[in-house]
Amino acid sequence: QVQLVESGGGLVQAGGSLRLSCQASGSIFRINVMGWYRQAPGKQRDLVATVTSGGSIAYGDSVKGRFTISRDNAKNTVYLKMDSLKPEDTAVYYCNGDIEHLYGSGHYWGQGTQVTVSS
């Protein structure tokens with residue numbers, strides 16, 4: 001019905017940059033909030049950033065000033081530009097969407113993409 005597919009993860013040195021993308025597909029009427037969360041080994045899943053359909057943005061404290069979230073509503077896609085990456089940013093990054101579709105609505109997750117920052 002609804003699928004979110006992330007791309008763009010990988011290995012980067014500290015201080016480098018990466019750009020993640022997440023595209024939602026399916027019989028979608030509207031996507032309200034889209035966002036990124038991350039989970040490091042042995043830790044809980046934490047908020048990275050969210051953006052509403054109207055463009056309101058929120059960031060987790062640890063990424064403010066370094067990460068930038070954006071979205072293309074026409075493409076049902078959300079992006080995360082990550083600059084000045086630190087080893088502590090290493091985690092699996094998950095895309096999330098609050099989606100209204102042909103068969104109902106709900107919160108949907110992507111499969112995750114690994115980001116590894118080496119020191």
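**Reading rings, cysteines and a core**

Guide: Let's open with Y94, which is buried at a relative accessible area of 15%. Buried means under 20% relative accessible area, exposed means over 50%, and partly exposed lies in between (1.4 Å probe, protein chains only). A word on the ground rules: this is a predicted model, in which local features need pLDDT of at least 70 and side-chain atom pairs count only at pLDDT 80 or more, while totals for chains, interfaces and linings use all residues. Residues are numbered from 1 along each chain as its sequence is written, and side-chain values use heavy atoms, with hydrogens and water left out.

Visitor: Fine. How many helices and strands are there in the chain?

Guide: Helices (H or I, at least four residues) and strands (E, at least two) are DSSP runs, numbered from the N terminus. Here the chain has 0 helices and 11 strands. As for overall shape, its radius of gyration is 14 Å, close to the 14 Å from the globule rule for 119 residues, so the chain is as compact as a globular protein of that length. That radius is taken over C-alpha atoms, and the rule is 2.2 Å times the number of residues to the power 0.38.

Visitor: Now the cysteines. Which residues form a disulfide?

Guide: In general, a disulfide is a covalent bond between the sulfur atoms of two cysteines. The cut-off used here is a pair of cysteine sulfur atoms within 2.5 Å. The structure has 1 disulfide: C22 and C95, with their sulfur atoms 2.1 Å apart. The link is left-handed, at -80 degrees about the S-S bond. C22 sits in strand β3 (residues 18-26) and C95 in strand β9 (residues 91-101), so the pair ties together parts that are 73 residues apart in sequence. C22 is buried, at 0% relative accessible area, and C95 is buried at 0% too.

Visitor: And the core: which residues touch the most other members?

Guide: Nonpolar side chains tend to be buried together in soluble globular proteins. A nonpolar core here is a set of buried Ala, Val, Leu, Ile, Met, Phe, Trp, Tyr and Cys residues joined through side-chain atoms within 4.5 Å. The largest one has 27 residues, and W36, L80, M82 and Y93 touch the most other members. Strands that each supply at least two of its residues include β1 (2-7), β4 (28-39) and β8 (77-82). Take Y93: leaving aside residues up to four places away in sequence, its contacts (heavy atoms within 4.5 Å) include W36, L80, M82 and V115.

Visitor: Back to rings. How many aromatic pairs does the structure hold?

Guide: Rings of Phe, Tyr and Trp (its six-membered ring) pair if their centres lie within 6.5 Å; planes under 30 degrees apart are stacked, over 60 edge-to-face, the rest tilted. There are 2 such pairs. Y37 and W109 are edge-to-face, 5.2 Å centre to centre with 65 degrees between the planes. Y37 lies in strand β4 and W109 in strand β10 (residues 104-109), so this pair ties together parts 72 residues apart in sequence. W109 is partly exposed, at 40%. Y94 and W109 are also edge-to-face, at 6.4 Å and 85 degrees. Y37, Y94 and W109 form one aromatic cluster.

Visitor: What sits over the ring of Y94?

Guide: A charge sits over a ring if NZ of Lys or CZ of Arg is within 6 Å of the ring centre and within 35 degrees of the ring normal. The charged end of R45 does this at Y94, 3.7 Å from the ring centre. R45 also lies over the face of W109, at 4.6 Å.
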